[in-house]
Amino acid sequence: MKIGVLALQGDFIEHQKIMEGLGAQVSQVRLPSDLKSLQGLVIPGGESTTIGKLTMDFNLMEPLRQFAREHAVWGTCAGSIFLSKDASRQQPLLGMMDIKVERNAFGRQVDSFEIDLDIPCLKKVSDEDTPFHAIFIRAPLIESVGKDVEVLASLPDGRIIAAQEGHWLATSFHPELTGDTRFHRYFMEMIQ
Ligand code: GLN
């Protein structure tokens, strides 16, 4: 399986290592030609305004949109913001997923937190019944989702932090920063 990681900014190496460990052939995407022959793409966490600006500078916006129309794309944290149609403010977005996000919804860097969550969709890829350890770093919240979007995970108070719309996946936390590979396996299942 050939998967790309958008490698303009952010923690793409962590995603790459995990998916390579799961047997995927992973390559870094910086140019439109890097998308050729990939079956899926991960947009990492980092800073969504920077990712958006660099996407414009590298002439990647349209090629990425075209790729996303036909392939699986997963955005984590800043990547989920970039994948969304609405970030509640003006900034360059891929604008694919019908979700509205609120950036930095939990406050500043010092307000980052970790929490164990029960995420039912992960049972598709694993018999493990343990909760998923979710790491939030200046994370966005998925404020609302469109009618074709499935909510995959919420915080105990009901606020949405993971969603899927067809072949697009958004998580506002960082599965690439834990040793738990279930979310990456879930995305690889989506590709297949
Ligand atoms: N706060 C960042 C943003 O709004 C996202 C942080 C992250 O990806 N960990 O783009």
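Two residues are in contact if their C-beta atoms, placed from the backbone, lie within 7 Å. This is a predicted model, in which local features need pLDDT of at least 70, side-chain atom pairs count only at pLDDT 80 or more, and totals for chains, interfaces and linings use all residues. Residues are numbered from 1 along each chain as its sequence is written.

The UniProt annotation "active site", taken from an unreviewed entry, covers C77, H174 and E176; such annotations may be inferred rather than shown by experiment. These residues span 100 residues in sequence, yet no two of their C-alpha atoms are more than 10.7 Å apart, so they gather at one spot.

H174 lies in the loop between β12 (168-171) and α5, and E176 is found in the loop between β12 and α5 as well. Helices (H or I, at least four residues) and strands (E, at least two) are DSSP runs, numbered from the N terminus. A residue is buried if 20 or more other C-beta atoms lie within 10 Å of its own, exposed if 12 or fewer, and partly exposed in between.

| Residue | Other C-beta atoms within 10 Å | Class |
|---|---|---|
| H174 | 24 | buried |
| E176 | 27 | buried |

Leaving aside neighbours within four places in sequence, H174 is in contact with G45, T76, C77, I135 and I137. With the same exclusion, the contacts of E176 are D11, E14, H15, I18 and T76. H15 and I18 are among the buried residues of helix α1 (residues 12-21), and the buried residues of α1 pack against β1 (2-6), β2 (25-29), β3 (40-43) and α5 (182-191).
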